[in-house]
Amino acid sequence: MADSERATTPDALVAELTTLLDVEAIDTDLYRGSRQPGGVGRVFGGQVIAQALQAAQRSIDDEKVAHSLHAYFMRPGSEDHPIIYRVVRDFDGRSFANRRVIAMQRGQPILNMIASFQRPEDGLAYQRPMPDVPAPETLRSESDLRDEIQAQVPEKLRRFFLRARPIEIRPVDPREWFAPAPREPVQHSWFRIVAPLPDNPALHRAMLAYASDMTLLGTCMLPHGVSWMTGSVQTASLDHAIWLHEPFRADEWLLYTTDSPWSGHARGLNHGRIYTRDGRLVASCAQEGLIRKRD
């Protein structure tokens with residue numbers, strides 16, 4: 001799709017993302033995920049996770065709800081081809097069910113994921129409180145912040161860096177893209193889908209899975225004062241885990257608070273918690289990523 005044909009209105013952007021994550025059934029427990037319209041290069045990891053989750057959700061009865069997933073990235077996906085998802089029904093119990101999903105391109109696996117589902121039930125309840133941060137209305141959107149520095153962006157990255165996105169992000173403490181100074185490995189960002197979504201909890205979970213890969217990996221880079229925009233570091237997601245705790249809507253403001261307890265040996269570990277605006281902890285995330293310093 002040419003740049004002039006790309007979706008730009010909020011409704012069109014969200015419709016495009018919804019279609020992207022709506023995997024097509026091509027046989028029993030076999031699905032096809034379409035490629036990102038206009039995508040070039042490597043597939044965004046959040047897209048593969050979200051499509052894999054959608055494939056797993058298609059094989060589960062409506063009484064059980066996804067509560068966790070654990071994924072390993074093995075090869076970079078290519079935007080030149082669709083992704084095939086094979087679902088293996090490893091376990092079906094009265095309370096829980098497990099699904100294994102293998103994502104493949106051109107006969108090679110690019111991601112393995114295990115997802116667990118539970119029939120909802122009551123139990124002992126506790127959550128870590130939400131951090132005290134400014135409301136999203138008081139913050140500037142990341143798209144506005146990107147527009148301000150577009151003259152500094154290399155030409156080959158400008159289209160990707162400035163394109164309209166279906167998810168709005170408002171960082172509490174915006175990152176410095178081109179001259180980052182070392183800082184504490186903690187980030188807080190509000191995010192939401194930019195247009196209303198249908199009342200489909202499975203779609204909202206897939207949207208959160210997609211968004212969960214957006215600011216997480218960068219957290220472990222903060223103490224080192226490096227940025228992928230400067231070409232000084234090579235980054236890639238190695239694995240990704242999500243625990244889904246409570247119902248939520250992805251088209252309402254969610255706070256993503258992330259921290260990194262460790263980095264070393266060309267890897268960095270990142271933790272994340274996602275809260276609703278009224279302070280409910282609805283999801284937790286963890287990711288280890290490659291952060292290889294370049295000369």
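Colleague: How much space lies in the largest cavity?

Modeller: About 40 Å³ in this predicted model. A cavity here is a set of points on a 1 Å grid over the protein atoms alone where a 1.4 Å probe fits but cannot get out. The volume is the space filled by probe spheres set on the points, with grid points joined across faces, edges and corners.

Colleague: And what lines the largest cavity?

Modeller: Ile169, Ser189, Phe191, Ala211, Met214, Thr215 and Tyr256; lining residues have an atom within 4 Å of a point. The lining divides into 5 nonpolar, 2 polar and no charged residues. In this scheme Ala, Val, Leu, Ile, Met, Phe, Trp, Tyr, Cys and Pro are nonpolar, Asp, Glu, Lys and Arg are charged, and the others, Gly among them, are polar.

Colleague: Before we go on, which residues count at which pLDDT?

Modeller: The model is predicted, so to speak of local features takes pLDDT of at least 70 and side-chain atom pairs count only at pLDDT 80 or more, while totals for chains, interfaces and linings use all residues. Residues are numbered from 1 along each chain as its sequence is written, and side-chain values use heavy atoms, with hydrogens and water left out.

Colleague: Tyr256 was in that lining. What does tyrosine 256 stand opposite?

Modeller: Tyrosine 256 stands opposite isoleucine 274 in S11. Strand S10 (residues 254-264) and strand S11 (residues 267-276) run antiparallel and are joined by 9 bridges. Two strands pair if DSSP finds at least two bridges between them. Strands are DSSP runs of E with at least two residues, helices are runs of H or I with at least four, and both are numbered from the N terminus.

Colleague: Does S10 pair with S8 in the parallel or the antiparallel sense?

Modeller: Antiparallel, over 6 bridges, with S8 covering residues 186-193. Histidine 188 stands opposite threonine 257 in S10.

Colleague: How many strands form the sheet, and in what order?

Modeller: It is an open sheet of 12 strands, ordered S1-S2-S4-S5-S6-S3-S9-S12-S11-S10-S8-S7, with antiparallel pairing. Strands S1 (24-27) and S7 (167-171) stand at the edges with a single partner strand each, so one side of each has no neighbour in the sheet.

Colleague: Change of topic. At what angle do H1 and H5 pack?

Modeller: Helix H1 (residues 10-21) and helix H5 (residues 201-211) pack at about 95 degrees, with their axes 11 Å apart. Axes are lines fitted to C-alpha atoms, for helices over the stretch in contact, and angles run from 0 to 180 degrees between N-to-C directions. H1 and H5 are therefore roughly perpendicular, a label for angles of 65 to 115 degrees.

Colleague: Which residues meet there?

Modeller: Leu17, Thr18 and Leu21 in H1 meet Leu203, Ala206, Met207 and Tyr210 in H5, where contact means heavy atoms within 4.5 Å. By class, this contact has 6 nonpolar, 1 polar and no charged residues.

Note on methods: Angles under 35 degrees count as roughly parallel, over 145 as roughly antiparallel, 65 to 115 as roughly perpendicular and the rest as oblique. On a 1 Å grid over the protein atoms alone, a cavity is a set of points where a 1.4 Å probe fits but cannot get out, and a pocket is an open set with protein on both sides within 12 Å along at least five of seven lines; lining residues have an atom within 4 Å of a point.
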